[in-house]
Amino acid sequence: MEKFVKLIDTAVPLTTENVDTDQIIPARFLKATDKKGFGGNVFRDWRFNKDGSVNEDFVLNNKNFKGSILIAGDNFGCGSSREHAAWALAGYGFKVVVSSFFADIFKGNALNNGILPIQVSEEYLKELLNKITEEPGTLVTVDLENQEIITPVGTSSFDINPYKKLCMINGYDDIDFLVSKKEKIEAFEASL
């Protein structure tokens with residue numbers, strides 16, 4: 001995984017609440033077991049009309065909004081436990097998703113795939129969504145070391161599992177973490 005310490009970027013506001021994993025990546029695209037290629041189908045049924053033409057009204061198709069930070073409505077990632085949703089978001093280029101609530105399984109899948117889910121208060125989220133919607137170029141700073149998101153509407157701290165924080169800062173997946181402990185493991189085994 002890529003190391004994540006601090007990110008400063010613009011954001012995409014997705015005001016919809018209760019976005020489930022089938023909306024993030026529709027089930028018909030789940031035939032592959034490789035992470036590659038899912039980004040092109042993220043929010044497929046919202047990004048494109050039934051005839052395949054681009055839905056100009058959907059925020060990801062609005063040229064004013066871009067960036068690797070998705071500011072999403074409440075209860076993001078609910079529904080089925082498919083890891084493909086995290087694969088699709090990462091494949092599209094998102095590194096952070098901000099919401100006032102995440103489904104637990106989605107949150108774990110996001111962290112396992114290098115996406116930082118940041119949970120903020122409903123009030124902070126509402127103010128941030130309004131600010132980003134009104135001023136598309138607004139910069140958002142995500143400081144993982146200090147566990148803060150800094151925006152023009154204020155600073156909000158966020159929680160993260162200490163192990164997952166360590167992994168993200170070092171660019172480790174679970175196997176990389178174990179490999180990083182190889183010398184200590186070997187020393188322990190030799191002491192037995």
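These notebook entries record what I looked up in the predicted model of one protein chain.

**Conventions.** I worked from a predicted model, in which local features need pLDDT of at least 70 and side-chain atom pairs count only at pLDDT 80 or more, while totals for chains, interfaces and linings use all residues. Residues are numbered from 1 along each chain as its sequence is written, and side-chain values use heavy atoms, with hydrogens and water left out.

**Overall form.** I began with the secondary structure and found 8 helices and 7 strands in the protein chain. These are DSSP runs numbered from the N terminus: helices are H or I of at least four residues, strands E of at least two. I then noted that the C-alpha atoms fill a box of roughly 65 × 40 × 25 Å along the principal axes.

I recorded an accessible surface of about 10,300 Å², of which 49% belongs to carbon and sulfur atoms; the areas come from the Shrake-Rupley method with a 1.4 Å probe, and for residues only the protein chains shown count as cover. Of the 192 residues, 44% count as buried. Buried means under 20% relative accessible area, exposed over 50%, and partly exposed in between (1.4 Å probe, protein chains only). I found 21 positive and 28 negative side chains, with the centres of the two sets 5 Å apart. Lys and Arg count as positive and Asp and Glu as negative, without His and the chain ends; each charge is placed at NZ of Lys, CZ of Arg, CG of Asp or CD of Glu.

**Core.** I looked next at the largest nonpolar core, which has 51 residues. A nonpolar core is a set of buried Ala, Val, Leu, Ile, Met, Phe, Trp, Tyr and Cys residues joined through side-chain atoms within 4.5 Å. Among the members that touch the most others are F43, L70, F76 and L89. Setting aside residues up to four places away in sequence, L70 touches partners including V12, F43, F76, L89 and V98, where contact means heavy atoms within 4.5 Å.

**Helix α3.** I listed H84, A85, A86, W87, A88 and L89 as buried in α3. The buried residues of this helix pack against α1, β2, β3 (96-99) and α4 (104-112). G93 follows α3 with a positive phi near 120°.

**Loop asparagines.** I checked N18, in the loop between β1 (6-14) and α1 (21-24), and found a positive phi near 55°. N18 is partly exposed because its relative accessibility is 42%. N75 lies in the loop between β2 (69-72) and α3 (84-92) and has a positive phi of about 60°; its relative accessible area of 17% makes N75 buried. Most residues other than glycine have a negative phi. N113 sits in the loop between α4 and β4 (116-119) and is buried at 11% relative accessibility. Beyond neighbours within four places in sequence, N113 contacts M1, K35, E83, A86, W87 and A90.

**E145.** E145 is partly exposed at 48% relative accessibility. Not counting residues up to four places away in sequence, E145 touches V5, K165 and I169.
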